[in-house]
Amino acid sequence: MGHHNPDSPSHLKHYFHDVNQQYETSKFAMWAFILTEVLTFAGLFVAYIVYRSWYPDMFVDAHKLLDVNKGLMNTIVLITSSLTMALAIWAIQKNNKKLSVVMLVATFIFALVFLGIKYLEYSHKFEVGQLPGEFYSYMGPDAVHLNNPHIFFSIYFIMTGLHGLHVAIGMGLIAWLIYSTQKGNLTPEYYTPMEMIGIFWHLVDLIWIYLFPLFYLIG
Amino acid sequence: MSNKTKQNYLNHPKGIMSWLLTLDHKRIGLMYLFSGILFFFLGGLLALVMRFELAAPGNDIISNEVYNNVYTLHGAIMIFLFIIPAIPGALGNILLPLMVGAKDVAFPRLNLASFYIYSFGALFAMYTIINGGVDTGWTFYTPYSTQSSSNVVPMTLGIFIIGFSSILTGLNFIATIHKMRIPGLTWYKLPLFVWALYGTSLVQITATPVLAITMVLLMLERFLGIGIFDPALGGDPVLYQHFFWFYSHPAVYIMILPAFGIISEIIPVHSRKKIWGYKFIAYSTLSIAFIGFLVWGHHMFTSGQSVFSQIVFSFITYFVGIPTGVKIFSWILTMYKGQVSFTPPMFYALSFLFLFTIGGLTGIFLGAVALDIHLHDTYFVVAHFHYVMQGGTIVAFLGGLHHWWPKSFGVMYNQTIANIAALGVFIGFNGTFFPQFLLGLRGMPRRYATYDEQFVELHSYSTFWSGILGISIFIAVMNLFWSFIKKNKVDPGSNPWGGMTLEWTHTSSPPHPHNFEEEPVLQHGPYDYDKVIVDKTYKK
């Protein structure tokens, strides 16, 4: 069926004219999706703004309960992973499959480290009861005077949790990229999935770049 | 066009799996159409239950508790399961690639996924019904929605899931419109229905994620007591209303913009005259989509808003009237000195003009703070949004179905019955909802299962005509389906209304599985009736 040009590449879907149209369409849709993602987080940023303006002192004091070093470490880890992701794309463009796979694996490991550090932070908060809403039970000397600190932790957990979910989804996608690149499905002529997932990964990084100062560096 | 035309998207390929796993936008559109109509009837049935309960004061048929469930489910099903997903999903899917000359949408697999995500979300809504309903109203306002023991979570989860389907359809359509047009089909040569879908899709991808996150926050509030919306925990229930209407006001335009697009196609074709003010209509679509994001506060005039916010939101709300008025006048000017034929699609389009104008103007009333405080939560509001949503969107949807029915299925319905049903819809609709304006003005509050004696006359009048409305819609839809059974086939090459857009001029009815036998070459604009000789089969 259809009128396949005998020399049209196998990755070209029959409903596109040419490879370029297919690539441009994917890229365009990816950016539209990024817009959707930004709007998703925007709702939560609004909640953050509203409650920070309601409880400015509480936010400043509650943020001291977060571990700045771990947050900073995660920031560095994630920015580096953005670099390795970009290098993976650069490598595949240069037809260096091996380097591309190495860079993707590095990205995957950085993502894992990020979630590992996040896990340490979360489990500490679970232990001491710095939890959202009704589950908040922390009564340490640095928090007794706080007015509704559980609101801070509700927003903290929802925003970093949703971001963490994105990291986890990104890891799944990167794992698939490692597999496809290794198998030779992605080439200098066709590496659209890697570029799209790269855009997604940079967004995940970018959101963290905002989350880090807004939660860890207030005041 | 020889015996090749016998192969079309309906009969090729065959088998149930070829439908369930189809990547063909037309088949996916049909699946949206049938599920949409199913939910439309379900929602309509719930509406009739309400109307019959309200035929007389007191609890005659159902208890107050059941009534609360019925109006919630009516609203939620009509909005989230029918109008929002099914109209772009059905007519948009079937027509968009044809109108831009593409073989399919940009991402066919994503398109099928959208349909199944929608179906999956709908399952949660159905579970809600079986499990005893939900009684918060379709708006799920906190704090009641965090306390109600009814099925708030299954329903909001269903809406959350359906939201993803909406977003993916929007992404797909935007990418299709930007990148899949045939050479020469520039923005200003696009049919206006495509512009309407573009505006709709923009709102879908930017507003829906906010609804998704709102539903998540609501569920977390119920599961974990996060306190964001709970004043006892230092939160603010009004913030929920802000979040909800930040989505749900733009969602009104997700619902009405496709209708505008349908009307922009029907009126010029059936008036045999080039659309008046093409660019005005195209840009008014975009400005409605944009202004729609700035007016959500007008739903909250009585929620403890500052006077300053009230004035600002009220002022911006009036702005919506400008692009909308531009459209109405453009459609009227299109008909002026045209050859208007009273076909069923045109009947619906004319009904739309009349009903939507009333709906739109009463929206301006409600945008005025002083009047809104008086009319808030009364039947005036109920009548207003039904004039917009049913009198506007659903009437246009029915018109669109009648307009593109011969194109989509290659069969023609009985036009006399269709016209009678259209008239029944028009009269039945006005009979049902016009009295509700009066009820509202006299102080009848919405969402009540019973009422004072003074409202009996208007309520019973409304109930009587709602029966006529229900029967008329049923006849209209059955008349369409009957054309299958009767196999009243139109000639595959025919163009019964003489449309000039690509789906009429360059493909058969029903279309080829790959839309066009060969890539269409653009020879004329979408409304250039003067430049091209109308299809010979036009006048039977």
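A crossing of two helices is called left-handed if the near helix is turned anticlockwise from the far one by less than a right angle. The legends below apply this term to a predicted model.

**Figure 1. Left-handed crossing of α1(A) and α5(A) in the predicted model.** Helix α1 of chain A spans residues 19-54, and α5 of chain A spans residues 149-183. In this view α1(A) passes α5(A) with a left-handed crossing. Their axes come within 10 Å and cross at roughly 160°. Angles over 145 degrees count as roughly antiparallel, and α1(A) and α5(A) are therefore roughly antiparallel to each other.

**Figure 2. Residues at the contact of α1(A) with α5(A).**

**Figure 3. The side of chain A that touches chain B.** In the predicted model, 27 residues of chain A are in contact with 30 residues of chain B. On the chain A side, α1 (19-54) and α5 (149-183) each supply at least two residues. The largest share, 15 residues, comes from α1(A). Sorted by class, the side of chain A that touches chain B holds 14 nonpolar, 11 polar and 2 charged residues.

**Figure 4. Helices α3(B) and α4(B) of chain B.** Helix α3 of chain B covers residues 64-100, and helix α4 of chain B covers residues 108-130. The two axes come within 12 Å and cross at roughly 165°. With the limit for roughly antiparallel set at over 145 degrees, α3(B) and α4(B) are therefore roughly antiparallel to each other. The crossing of α3(B) and α4(B) is left-handed.

**Figure 5. Residues at the contact of α3(B) with α4(B).** L73(B), A76(B), I77(B), L81(B), P85(B) and N93(B) belong to α3(B). The contact of α3(B) with α4(B) comprises 9 nonpolar and 2 polar residues, and no charged residues.

**Figure 6. Confidence of the prediction along chain A.** The average pLDDT of chain A is 94, and 97% of the residues score at least 70. Within chain A, confidence is lowest in helix α2 (residues 56-63), where the mean is 93. Helix α3 of chain A (residues 68-93) has the highest confidence, at 98. Where pLDDT is low, the predicted coordinates should not be read in detail.

Conventions. Residues numbered from 1 in each chain as written. Chains lettered and ligands numbered in written order. Predicted model: local features only at pLDDT ≥ 70, side-chain atom pairs only at ≥ 80, totals over all residues. Contact = placed C-beta atoms within 7 Å. Helix = DSSP H or I, 4+ residues; strand = E, 2+ residues; numbered from the N terminus. Nonpolar A, V, L, I, M, F, W, Y, C, P; charged D, E, K, R; others polar. Axes fitted to C-alpha atoms, helices over the stretch in contact; angles between N-to-C directions. Parallel < 35°, antiparallel > 145°, perpendicular 65-115°, else oblique. pLDDT = per-residue confidence, 0-100.
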